[in-house]
2 protein chains.
Amino acid sequence: MLIPFEKLRSEFTRVLLSLGFGEEKALQCATIFAENSRDGVYTHGLNRFPTFVQYINEGLVIPAAEPTKEGGFGAIEQWNGNLGPGMLNAQFCTERAISLAKENGIGCVAIKNTSHWMRGGTYGWQAAEAGLICICFTNTIANMPPWGGIDPRLGNNPLIIAVPRKEGHVVLDMAISQYSFGKLNLYKSKNEQLPLPGGYDMEGNLTTDPAAIIESQRSLPVGFWKGSGLSLVLDLLATVLSQGQSTAVVTNNGSESGVSQVFICIQPKTGLQTDTLIEEIIDYTKSSRPENEGGEIFYPGENTLRTREKSLKDGVWVDEVIWEKVLGL
Amino acid sequence: MLIPFEKLRSEFTRVLLSLGFGEEKALQCATIFAENSRDGVYTHGLNRFPTFVQYINEGLVIPAAEPTKEGGFGAIEQWNGNLGPGMLNAQFCTERAISLAKENGIGCVAIKNTSHWMRGGTYGWQAAEAGLICICFTNTIANMPPWGGIDPRLGNNPLIIAVPRKEGHVVLDMAISQYSFGKLNLYKSKNEQLPLPGGYDMEGNLTTDPAAIIESQRSLPVGFWKGSGLSLVLDLLATVLSQGQSTAVVTNNGSESGVSQVFICIQPKTGLQTDTLIEEIIDYTKSSRPENEGGEIFYPGENTLRTREKSLKDGVWVDEVIWEKVLGL
C-alpha cells in the first residue's frame, strides 16, 4: 500500500505529540521515521515505529532529554545522551562533528547513554548534505557470536561512511552482520530463503533459512573472522571514546538502551578536481561487465536515491498491518 | 626453516644498502620486513622482499625520496610520497597523525603518490605503541570485481583499526577481499583448498580452489555487496583526501605504484576506567562458548603477539627458497 510522504510524517508527528514530545522534536523524529521508509529502509521507518513508542512507554527512551557535554579537547568532544531519542542525539552529534570539522578540518564526537539511532545512514546523508565526509558507528546489543564461538557476544554495530557528491552522495550503511535482524525477519515473514548464507542453524551448519538463524541466534558476520574482528573494534572505539556502555553492558542490562556512538566528520577539498576524482572512481567501478545480462553495478546510496524519487512521486510503501496499528495509536 | 630475527634484519639491511638506501632508511625498512615475518605476516615480510627489490630496480620505488607537504588545515594534512618506500612514508604519516592527535585530540594525514606499505598492521601497532587509536587504509590496484560484476574494478584496500591496550594492543588488519592474493598464492603453493569460499571460478561458481580464483581474478569481497561498497568508499576517501590516484588510475598505469593512503589517529582518555572498559569487552567476547571443543576466541592482534613471542624465542620461520634468494641478492 502506498501512502504520501506527508501523510506518513504527520501521523508519526501526531503520535509523538501525544507521547509528550515538544512540537519541534516531534516533527524532527517523525521526519526521520518517514524518510527512512521513503528511502526504502522500512525496517527502521514505519516498521520500527511501534517499538519506538513502546520504548518510550517503558521509559527506555526519554522524549524531553537533551544531550549534555561531558568533555572535549581540540577537535574531539564527549557527550551524554541522557537516554534521549537516539535519532535526535545522533543528528545533534553529527551537527557538532560538522562544526568541529569546519573549524579543524576533522572533528570527532562520541556519545554515551544514547538510544537506537534507527537508520545509521540518516547521519551519513546529513553530513554529506553539508558537504562533509562522515564516518560513524554505534554499538548494539549482542546479536552475533564472535568467530569460533556460538553464543552471541558481539553487536552488529552498523558502520556508515558517506562521501558528498554532486550527482548524489555515496553513503555506505552496513551492519556488520551479513543480514540485519530486520532483514531476517522480513524474509521470514515472507517465507523466503536468503539469497546467501546468513548464519548457522542449531546444528551448526551454514544456512539460508532466516527462521533457523533467528532460532540459533548465530548470525554471520561479514567476511567471517574479519567482520567478527571489525565488530569488536567498533565496540571498543565507541565505548572507549564515549566512556560509555559496551555491547557487554548493554546486553547484560537486557534491553538495547544506553548505547555508545562515534561521529567523525572530515572537510574534503571542494572543486572540480575533487568532483572529477569521484566520478572517475564511480565510472571505473561501473565499467565492470555485469555478471548477469542486463545487470548493473550500483554504488552505495544509488538505490536509495532511486527509491526516494519513486516514493516521493508514487507514495511511500507501507505494510498495511503496521500502518493500521500506527493509525490506531 | 627458522632464522634468528637479527639475522633476517641484517640480511635485509645489507641488500637495501647495496640498492642505494642510506643507513638509517635501510635499517628502518629492514626492520619492518623482518618484523612482518616475525609477526607471522610472511606474505609481506620475507616473501615480499624480492618484489620490493625488483620495484626499486624498475624505478617504481625511489629509495631516497622524502615525503613533501602539499597542504594542511587544522588537524588534517596532505602529503606527497614522491614514490618513496611505502613503509617509510606510512611510518612518517602515522607519526604526523599521532602529533596532530596529541595537539587536537584527533589528526588525519592523507598521502598521495606513495608505494605499497606492505603490512598495514605495522602502522596500527606503531600508533598503539604511542598510546593512540588509529584508523588507516590504502587503495591498491584493482583485484576484485564490484558486486554484480565480473571484471576487477576494486582494490582490496586494507583497513586497519588499532586500539592501545596494556595487556597487548588490539590491531585489526583486514583487506576487503575475503582472502588476500598472498594468502591465495600460499594455499595454491601448498596445493590446499581454502577453508571457505574465496571467490568465483571461470564458470561463475563460488569456489574454495585458490588456483581457480587466481585464474578468474574474481576474488570475493567480505560480506559480498557490503565489502564491495566498503572497498569503493575507502578508495573514495583515500583519493579525495589525498587528491591522489584512485584504484582506477593506479590500475590503468599497470603497476601498483603511486597509491593513496589515509591515517587517522585519536587520543583516547587514559587511565583505569578505560583499561576496565577494554578488558570488559574482551572478556565478554571470549566468554562465548567455543564452536569446537577446546577452541578459543581470539581478539584481533592476539595471535600476532603469540607468533611474535615464539619467533623471538625460537627464530622466525622462513621459506627456504625465498631465503636463499635473498642471501644471493
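The crossing of α8(A) and α10(B) is right-handed (right-handed means that the near helix is turned clockwise from the far one by less than a right angle, left-handed anticlockwise). This is a predicted model, in which local features need pLDDT of at least 70, side-chain atom pairs count only at pLDDT 80 or more, and totals for chains, interfaces and linings use all residues. Residues are numbered from 1 along each chain as its sequence is written, while chains are lettered from A and ligands numbered from 1 in the order in which they are written.

**Helix pair across the chains**
- On α8(A), the contact is made by Leu232(A), Asp235(A), Leu236(A), Thr239(A) and Val240(A) (contact: C-beta atoms, placed from the backbone, within 7 Å).
- α10(B) contributes Thr274(B), Leu277(B), Ile278(B), Ile281(B) and Thr285(B).

**Interface**
- Contacts link 65 residues of chain B with 65 residues of chain A.
- Elements giving two or more residues to chain B's side include α4 (86–104), β4 (106–115), β6 (159–163) and β7 (170–174).
- α8(B) gives the most to that side, with 12 residues.

**Symmetry**
- A rotation of 180° with 0.0 Å of shift along its axis superposes chain B on chain A, at RMSD 0.0 Å (least squares on C-alpha atoms of residues with pLDDT of at least 70 in both copies).
- The two copies are thus related as by a two-fold rotation axis.
- In chain B, the C-alpha of Gly223(B) is nearest the axis, 2.5 Å from it.
- Both copies use the same surface: 100% of chain B's contact residues recur in chain A.

**Core**
- The largest nonpolar core has 170 residues (a set of buried Ala, Val, Leu, Ile, Met, Phe, Trp, Tyr and Cys residues joined through C-beta atoms within 7 Å; buried means 20 or more other C-beta atoms within 10 Å, exposed 12 or fewer, partly exposed in between, with C-beta atoms placed from the backbone).
- Cys134(A) and Cys134(B) have the most contacts inside this core.
- Cys134(B) touches residues including Tyr123(B), Ile160(B) and Ile264(B).

**Thr68(B)**
- Thr68(B) is found in strand β2 (residues 68–73) of chain B.
- Thr68(B) is exposed, with 11 other C-beta atoms within 10 Å.

Key: Two residues are in contact if their C-beta atoms, placed from the backbone, lie within 7 Å. Helices (H or I, at least four residues) and strands (E, at least two) are DSSP runs, numbered from the N terminus. Lists of a residue's contacts leave out its neighbours within four places in sequence.
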